[in-house]
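Here are my notes on this one, point by point. Have a look at the fold before you read on.

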Amino acid sequence: MAVMKETDERFQYLSKKIGLFVLIAILGIAGIIVFIGIQRDVFTNKTKLYFISENGQGLNEGQAVKLSGFKIGKIEKLSLDDVAKVKVEISINTKYMKWIKTDSTIKLVKEGYIGDAVLEVTPGSVQAKQIPEGGYLNFQGAKSINEIIEELKDDIKPVLLDIKQIIHYINDPKGDVKQILGNVNKLSGDIQHTRELIDTMLKNTDKNLENTMKKTDTLLGSIKDTVDTTNNILKNVETKLPNMLDKVDKSLTDVQKITDDIKHTTSGAPVLMDKVTDITDDAKDITGAVKKTWPISSKIKIPEEKTIKVDSYE
Amino acid sequence: MNRIPFLHLILTYTRPLVLTIIFPLLFICPGCSTGPHQPSERQQIAIESNQRAENAYKKRNYIKALNHYMEALNISRSLENADSMGSNIVNIAYVYYRMGEREKSHTYADLIINKNPFEYSVRYLIDAMSIKALLYCDESNGKEASFWADKALNLCQGVSCREEGRIYNIRARASLLNKDIKAATEYAKKGLEINKKIDDVAEMGNSMRIMADIELMNKNYEASRGLYKDALLIDKSLELSDKMINDLLGIAVTFEKQGRPNEALPYYRRAISISEGMGSMEMEKSIREKIEKMQPQKNP
């Protein structure tokens, strides 16, 4: 002890420091405990309610109680009553109590095919009063598999009977179904034959169609060529026509002018022609008379009809 | 200066001279002469049609020639001019013959022979019979051809008949068809003799060609060729293209028959050239076929 000086600065206020450290640790631990308690609704006000179940199957302590999907409490305790029914004590967060009415029911439901079942509280009617603390809820227990099978059995049995009758009816050789099936079978045979005929017909049609298509292709090719040629011609015509029309118009005007001129110039032509005819007739008469006059008449050969000389080696 | 008074003198005296002497003579003298009879106006039209037909015939436009001859015939029929009718009927028959319309040619020739509707001049009868004989020659009917040629020859006897030489030629052709070479030779020689006498050069050429054909049949190729060449000279001088082709082909055949196709070829080519010039595609084609069929010459 003597080695250590009580006056060492490091040891000054040591007891206070340790006390402070422990205090903080205690406060930390207490804080954690409070936090966890809050998380686990330890400090929440709870109201105890009860319900009676025929058996405890599917019920466990700590099992969640839900309302419209929200967890509002849990099973606190399971116990058997005097008549060997299970008395279940549940604690509900008080703040949710306003929705639990006297006519509310509680039932055991499975949230999924796998996993634990939960207790589902249904909200009561608007008119009903809030259930008091310690009140009993009406429990609707979940049906067991056997119960479900029994129920199903009852439901399915008539159906199965009906099916049996139907099968019997179908299997009856004299029944409508069998006869229909026979007819259908026959019909399908006929259809098969018809289909073969149709196939043959379609093949022939294909061939004919192919030939027709080939011819049509050729024809279309020719038509295309012709249309192209026509288009070209039309284009040329379109380009040249206006100029040509202008020229023709001009030419027609010129022709009109010329014909007018000719008309004007030849207005006396018929009279002139008559005169010429008269003169030629006169000339003919004169030459005729001269031809007949001696000594000219002896020199002029009278025209005569000639016979073609027949050749012996044509 | 001296010319003017001379001209003045001529002009002064010409006018009274014409008026007083020449004009009166022109009007007085027609009565003094007996000039040839002038055809009537309608007959003149028929004559003009006949002349137009002749021109068309010479140009080988046979359809046009026929139309004009028909027109002329109708006018002459309406005037019942037998001479004009006979002439036009013979012409029509001959044009049909040249066209290869044998039946129609027969029909018109028969009009003359059958005196339909009346008797025609002998010269037209001889022409009609000659045409009948030619038609039968074309039909390779030697018998009928001989018959009509003989009838024509009979008519020629006793009249001054310029057609005799021609008819002998036809008779010779008919004899050839009858395979009577001896008679054919005699008729052809007689024809040549008469044609020479009357100086019918075209028919002389025909006589020579017929004689050449006869020599060819007798396989006297050299003699045949000589006659063909003589005929060619005449035909060429008369510008008878069809006959020139016949002569040239005849010469070519004589060479060919002698196994000298190389010498035949130039004559064939000349014949083709004339055919081309005439525009005769059929003739040209037939000559080319002959060349193709020709056997190639063997080297000696």
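1. Chain B reads α-α-α-α-α-α-α-α-α-α-α-α-α-α along its sequence, that is, 14 helices and zero strands. Helices here are DSSP runs of H or I with at least four residues, strands are E runs of at least two, and both are numbered from the N terminus.

2. Bear in mind that this is a predicted model: local features need pLDDT of at least 70, side-chain atom pairs count only at pLDDT 80 or more, and totals for chains, interfaces and linings use all residues. Residues are numbered from 1 along each chain as its sequence is written, with chains lettered from A and ligands numbered from 1 in the order in which they are written.

3. Of the 300 residues in chain B, 40% are buried (20 or more other C-beta atoms within 10 Å of a residue's own, with C-beta atoms placed from the backbone).

4. Leaving out residues up to four places away in sequence, B:A93 touches B:S105, B:Y108, B:A109, B:A128 and B:I131; contact means C-beta atoms, placed from the backbone, within 7 Å.

5. Look at B:D213 too, in helix α10 (residues 201-217) of chain B. B:D213 counts as buried because it has 24 C-beta neighbours inside 10 Å. Its C-alpha lies 8.3 Å from that of B:Y228, 15 residues apart in sequence.

Terms used:
A residue is buried if 20 or more other C-beta atoms lie within 10 Å of its own, exposed if 12 or fewer, and partly exposed in between; C-beta atoms are placed from the backbone. Two residues are in contact if their C-beta atoms, placed from the backbone, lie within 7 Å.
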